[in-house]
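Colleague: Before I rely on the words used for this structure, I would like to hear what stands behind each of them. Could you show me the structure and then take me through the terms?

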Amino acid sequence: MKSPLRSRYDVVIVGGGPAGLAAALGARQAGVEHILIVDREIEAGGILNQCIHSGFGLHYFKEELTGPEYAERFIRNVQSDQVEILTDSYVLDISPALQLEIISGGYGHLQLQAQSVVLAMGCRERTRGSIRTPGFRPAGVMTAGLAQKMVNMHGVLPGRRIAILGSGDIGLIMARRLSLEGCDVTGVYELQPHCSGLTRNQVQCLDDFGIPLHLSATVAFIHGRDRVERLTIAPVNHELIPDLSRSWDVACDTLLLSIGLIPENELSTRLRLRMDPATGGPQVTSNLETSLPGVFACGNVLHVHDLVDFVSEESLRAGRFAGEVAIGMRRPSDNISLQAGENIASCVPQSLSPDREQIIYLRVKRPLKNCVLTIGDRYEKSFRMLVPAEMIRLTLAPELLDRYFGEMLKIDVRLREAT
Amino acid sequence: MLEKRRLTCIGCPMSCPLELVIIDGEIREITGNDCKRGEAYARQEYTAPCRMVSTTIACNSGLWPRLPVKTVTAVPKAEVMAVARALHTLEIEAPVQIGQVILDDIAGTGIAVIACRSLPSAPNSK
Ligand code: SF4
């Protein structure tokens, strides 16, 4: 089949999930003409298509939508903006000169030249291999997101009696989802002493269905030769070491893992982008450009978000900046490096420039009550409660960096001193 | 009789911890909510808790075999399982439009169920 595609595009976006869709709209706002989204699935929308629960869009659309509804609004806008979407296609490689190599279900091998590229591939789930759970290797051990796809897209149940390791939001959502489908969810086991998903999900997904959450506990052994038959659960001490003397067994046929997400870095590492070990994604400037000029990153490929609304906001900006670069518009480069200080696990972007409004996303390392967040001597804000599960979003007015002559600003969160 | 009740607002990801002061079965004070939706939630949750139900139904000859659907408003919490069970018996033919009403009244609750996405026919189905 002959490809209807052009050989040159202004902006090529890798990934048609929430990040890629918003980036396309952003690029269009910048005034570029030819925009292409490449997605490996048979349709755009990404993970939203399988997130059938509601809870999306409160910030962006000011109403509560399900994942597919949120995706469809964006897909419609992108289509009416005449962005081309190439589905069933995979970007194999990107050269430093921004030539893309694509393998496509419909058109075979393709090569395209881009003026700028937006990385929007999202993230992956951590698997059993990343935590090395001891035991046999039977069928029935899978990530929560895979089970979500099986149930919600393909209509196939992963099993009947389900245990969940890790209290990430996808695991909690799946506990409810599988309960609604008539499965027996025996419990959620979390290594840490606190739930890693949102409290609202603990309430509406576990408490509502009487599913127990076992904190400071982990799966110490997976039993069953062909199919999962039973798990040994052990409490852990403060060093997170399982205490087998106090373990107990749980019968189940399926173990879902909800143990964290990591940015999808295959293309980023092939491109040798400078990475940030704290976010797991590439480092970016305040216009979301990576260390390779012309390559931008947004959404979960940059850092794992917990709200799609923030993904959309970030990606609209990334797309706009990518569009500007594609048509030869260059803003002054950043001159202030931004660093994570006390109690801060990560921050994005990693540098700032005084000429534009900045949006900074960050996470704290541990739950903190009554604390003050500072950015150098430029910014200060008090918080009643900060938890690692919730990303913090700050906007900094351009004036804030006026006449700042340092090279570095540090973000710190400190407990408010008792007065 | 004075009673205190703790709830977590599920109105948004903030998950505010709410505290209700109840005197003789009547709410006198609600604290802990960051916005006014938290207060409405607290009243609703104390008097008649309800939840949105989202699930999927079978879709014949669609691009995917399942269609995501949801109740247009929250249903009484006690009815959630019955609503889910009733929905699981439904089938629909592709194509489907987003917002299309699948059923006006699910499981006698008087609440309608709508499609959460458009689902075109599968390319190879006639
Ligand atoms: S009270 Fe308002 S801010 Fe707090 S969780 Fe409820 S809806 Fe969100």
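Modeller: Please keep in mind that this is a predicted model. In it, 33 residues of chain A are in contact with 32 residues of chain B, and the area buried between the two chains is about 2,800 Å², with carbon and sulfur atoms giving 57% of that area.

Colleague: What makes the pair A:Glu69 and B:Lys70 a salt bridge?

Modeller: The closest N and O atoms of A:Glu69 and B:Lys70 are 3.0 Å apart, and the rule asks for a Lys or Arg side-chain nitrogen within 4 Å of a carboxyl oxygen of Asp or Glu, so the pair qualifies. Across the interface of chain A and chain B the rule finds five salt bridges, and there are also 13 residue pairs in polar contact, both partners being at pLDDT 80 or more.

Colleague: Which elements of chain A give two or more residues to the side that touches chain B?

Modeller: They are α2 (67–80), α4 (144–154), α5 (169–180) and α6 (199–206) of chain A. By class, the residues on that side of chain A divide into 11 nonpolar, 10 polar and 12 charged.

Colleague: How do you know that α6(A) is mostly covered?

Modeller: Six of the eight residues of α6(A) are buried, namely A:Arg200, A:Asn201, A:Val203, A:Gln204, A:Cys205 and A:Leu206. What covers these buried residues includes β3 (54–56), α5, β12 (184–190) and β13 (213–215) of chain A, together with β1 (2–8) and β4 (50–51) of chain B.

Colleague: Why is A:Gln113 called buried?

Modeller: The relative accessibility of A:Gln113 is 16%, and the term buried applies under 20%, so A:Gln113 counts as buried. A:Gln113 is found in strand β8 (residues 108–119) of chain A and, leaving aside residues up to four places away in sequence, touches A:Ser7, A:Arg8, A:Tyr9, A:Ala97, A:Leu98 and A:Gln99.

Colleague: What does the side chain of A:Gln113 reach at 2.8 Å, and how does that distance compare with the cut-off for a polar contact?

Modeller: The side chain of A:Gln113 reaches the backbone oxygen of A:Ala97 at 2.8 Å, and the cut-off for a polar contact is 3.5 Å, so the distance falls within the limit.

Colleague: Which residues are around the ligand?

Modeller: They are B:Cys9, B:Gly11, B:Cys12, B:Met14, B:Ser15, B:Cys16, B:Asn33, B:Asp34, B:Cys35, B:Arg37 and B:Gly38. By class, this shell has five nonpolar, four polar and two charged residues.

Note on methods: Residues are numbered from 1 along each chain as its sequence is written. Chains are lettered from A and ligands numbered from 1 in the order in which they are written. This is a predicted model: local features need pLDDT of at least 70, side-chain atom pairs count only at pLDDT 80 or more; totals for chains, interfaces and linings use all residues. Side-chain values use heavy atoms; hydrogens and water are left out. Contact means heavy atoms within 4.5 Å. Buried area is the accessible area (1.4 Å probe) that two parts lose on being put together, summed over both. A polar contact is a pair of N or O atoms within 3.5 Å; within protein, one must be able to donate a hydrogen and the other to accept it, and residues adjacent in sequence count only if both atoms are side-chain atoms. Helices (H or I, at least four residues) and strands (E, at least two) are DSSP runs, numbered from the N terminus. Ala, Val, Leu, Ile, Met, Phe, Trp, Tyr, Cys and Pro count as nonpolar, Asp, Glu, Lys and Arg as charged, and the others, Gly among them, as polar. A residue is near a molecule or strand if one of its heavy atoms lies within 4 Å of it. Buried means under 20% relative accessible area, exposed over 50%, partly exposed in between (1.4 Å probe, protein chains only).
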